[in-house]
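Please open the model in your viewer and keep the selection tool at hand. The tour goes from one selection to the next and says what is there.

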Amino acid sequence: MDQNRRCVLYHYTDFQAVDGILRCAQLRVNNVLRMNDSAEMRHFMKRLCTSVAERLEAEGHSARANEVRVLFHKEIQREYSAFAACFSFHRDDAAQWERYGNRGRGVCIAFQREHLQRMTKGPLSLQAVFYQNDMAGHPMVETFCSLIREGVTLSDDDPRIRKAMCDAWACSVSFKHPSFSSEYEMRLVVSPFEKEEFDVRPCYHVTKERIKKYYPLNLQAMCQEAGITLEDLITEIIIGPDSTQSLAIFQDYLRDNGLHRLAERVSLSDCPLRGLT
């Protein structure tokens, strides 16, 4: 993929979410554990456990390797969660439309990657997603092995083990199963494992089936702090291939909400995605 395309991140969503982003200047970060990969976060933790145990066994520490497996098994039963907004490097992509763009009836918003990066700080970070099973080369493997070589008791009560586990969970947000590699994803992540206070109050969306927790990011304030405008941040908008939305009315909507420059950057998808029922 060429360098120019790497400079832009695409967020596929529906029209309700677009209204929140454009009119309200609010971007929601949602619970990672409720996204489409059922093994989110735990995928990394399980593979990390395997890599640590295998290295210890190779060094002749089989008993300690078994202790590691027990420790991680208990840890993975916990429900930690991070919150993220997801982006892809793929523009006007059929798979992205189906999975995230309301089955082709939604919208794709293009964000300038450099500006998003400038807007992150503290527990808010922009992270590339890695698609792999083998964690043997990950730095956290050596972190745990070093603690074990030092004779640290493998207990959740030990502060060094607790810190290592928190660091591992923070890393886990950036790893997914290889079967999702075609998504080519980056994430704007709010991690609960950082020490810094996150000065955004959580909100809750109540549906007929459950209550969802999310964090609303104030894009207007974040843009002002970065010295840019919302129209600098968003480079284009694509209306989905199966959407019935009028291009002219959508442009009127943008102009009436003060986004005159953005109204000139709206287009209809070229993706020949067949209408889905």
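Predicted model: local features only at pLDDT ≥ 70, side-chain atom pairs only at ≥ 80, totals over all residues.

Residues are numbered from 1 along each chain as its sequence is written, and side-chain values use heavy atoms, with hydrogens and water left out.

Select residues 42–58, helix H3, together with residues 62–76, helix H4, whose axes lie 8 Å apart at an angle of about 170° (axes are lines fitted to C-alpha atoms over the stretch in contact, and angles run from 0 to 180 degrees between N-to-C directions; helices are DSSP runs of H or I with at least four residues, numbered from the N terminus). H3 and H4 are therefore roughly antiparallel, the term for angles over 145 degrees.

Next select helix H7 (residues 139–149) and helix H8 (residues 159–172), which pack at about 170° with axes 11 Å apart. Here Met 140, Thr 143, Phe 144 and Leu 147 of H7 meet residues of H8 including Ile 161, Ala 164 and Met 165.

Finally, select Tyr 204, which is in strand E9, residues 203–206 (strands are DSSP runs of E with at least two residues).

How values were computed
Parallel < 35°, antiparallel > 145°, perpendicular 65-115°, else oblique. Contact = heavy atoms within 4.5 Å.
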